[in-house]
Amino acid sequence: MKMFKVVIVMYVLLAVVVSVNSQPACTHYAVATGGTGSACSLPVPCTIQTFINSASLATTPGNVLCLNAGTYTGQVDVPTTFAGAPGNPIWIRALNEGQVTFNQGGSGFAFRTQGSWGVLWGVNIYNGRGSNLLIRGSNWVVQRVVAGPTASTGTEDNIVVAGSNNTIEDSAAFGVGGKQIAAGASQAGVTNNVIRRVWAVFNDDGDKVSPVGAMEQGYGQDTVTFENVLGTNNQVVNPSQEQGPFQTFRSDNSKVLGSIFYIGASDVATASEVFFALTDGGSAQGAGNYDPSDNNVFRHIVSFIHPSNASFATTRALRLNYQGPGPHGSGNVLSDSVGVGGVGISCQSPDYTCTNVQYGTSLVNAIGAGKSIWTESNAGPGICKRYINGVLTDEPLWPWPMNQRIIDFMTARGATPVDVTATMESLFGPIPAVCRSDAPVIPVTSKVRSGFQ
């Protein structure tokens, strides 16, 4: 009887995650300039700082602050006192998606979440120094957010996931600096974060300071789930410490599911691998903190460098290795995946076990002639349909949910725009109907973290 109750609870929570509705009604309003109200009303809107610093407005679950269109300058620092409630978060959202931009000005992080049970929705962020979006606190949901370039190259990461039990969903990051998505640096003890349906590209313009790449997870941050994420590198010039589009190390019980990491034919990328997982990894942020990776799951992964790329012959698509001097890891599994690279797969036992992996120097060599990466390869189920909280659903993943938002903000910031759906089809062939749902995208509104991984 007890088991039956647990199953029902999990089913209900999953149903909440995948439900879609219209955006919640506005209860309060803010403007980019000229806000004078203290009650943040429709006739007399306030500044965003007035709302988030209010002892009453930012502690009342269910409040929805709607941001009028415009460019909001300066730093937004949500205080630790910010408090929604389970199932009833406080929203900070664009009144109209994509028409709100945060421009920090280049002197500090642009937007930092703290407190608990909040939703940040529908905005663009850029020009922060240190990071554009720093996610601290707990039980925050960041949805339909695009983060553009940071203020400069160097050690800056674009989006940093630091608190516990937070979710990034249907979002994107592009630009220069360190990592575009970082779930790890100096965050030992942080757990249960989810990065879902996020696209990231690292575009460097001359960084010679720090290791760089699209996505990173590690430094003791455990139980992290990346699902249906896409990552790539394409530099303007080659940095001295380029890493692959995805790396993970020093983490336990984490997952990477249904994801594509890729380097296109003309992309400038000189890292020696596309996807790599290490049991440990050393840096100034974790020197001497040797903590091996245990019980991590990588499933339905496509790791690919185009055979025509200038770096193809020296690039390994999948590298899963022990790195000392710490102890060996255990229970780490890569399965049901595909790799295409000029250098063969590296899967070091006993730290990693690789099963049912198709690998070759071309897609045909890896999966066979006449077969589709979307439906017939080992990775097909996970890149065709959506993962949600570690569960492969029957909900189509394509077209990419943030496709036009990415194009629009990259264009606005002077970057070469990327059509993500078209790029995937150019690399892997037409996305079949079974993987597509071309109805208008209606953002999730009732979702709060279920806690299930």
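Cys46 is buried, at a relative accessible area of 0%, where buried means under 20% relative accessible area, exposed over 50% and partly exposed in between (1.4 Å probe, protein chains only). Its disulfide partner is Cys40, which likewise counts as buried at 0% relative accessibility. The model is predicted: local features need pLDDT of at least 70 and side-chain atom pairs count only at pLDDT 80 or more, while totals for chains, interfaces and linings use all residues. Residues are numbered from 1 along each chain as its sequence is written, and side-chain values use heavy atoms, with hydrogens and water left out.

**Disulfides**

- A search of the whole structure finds 4 disulfides, each defined as a pair of cysteine sulfur atoms within 2.5 Å.
- In sequence order, the bonded cysteines of the chain pair as 1-4, 2-3, 5-6, 7-8.
- The sulfur atoms of Cys40 and Cys46 lie 2.1 Å apart; the torsion about their S-S bond is about 105°, so this disulfide is right-handed.
- Cys347 and Cys354 are joined with an S to S distance of 2.1 Å, and their link is right-handed, with 95° about the S-S bond.
- Cys347 is partly exposed at 30% relative accessible area, and Cys354 is partly exposed at 26%.
- Cys384 is bonded to Cys435 (S to S 2.2 Å); the torsion of about -110° makes this disulfide left-handed.
- Cys384 is buried at 4% relative accessibility, and Cys435 is buried at 0%.

**Nonpolar cores**

- The largest nonpolar core has 97 residues, and Ile92 and Trp199 have the most contacts inside it; such a core is a set of buried Ala, Val, Leu, Ile, Met, Phe, Trp, Tyr and Cys residues joined through side-chain atoms within 4.5 Å.
- A second, separate core of 7 residues includes Tyr29, Val64, Trp121 and Val141.

**Asp252**

- Asp252 is buried, with a relative accessible area of 16%.
- The C-alpha atoms of Asp252 and Asp294 are 4.8 Å apart, although the two residues are 42 apart in sequence.
- Beyond four places in sequence, the residues in contact (heavy atoms within 4.5 Å) with Asp252 include Asp222, Thr223, Asp291 and Asn296.

**Confidence**

- The chain averages a pLDDT of 87, and 85% of the residues score at least 70; pLDDT is the predictor's confidence in each residue, from 0 to 100.
- Residues 1-21 stay under 50 in pLDDT, and residues 440-453 are also below 50.
- Where pLDDT is low, the predicted coordinates should not be read in detail.
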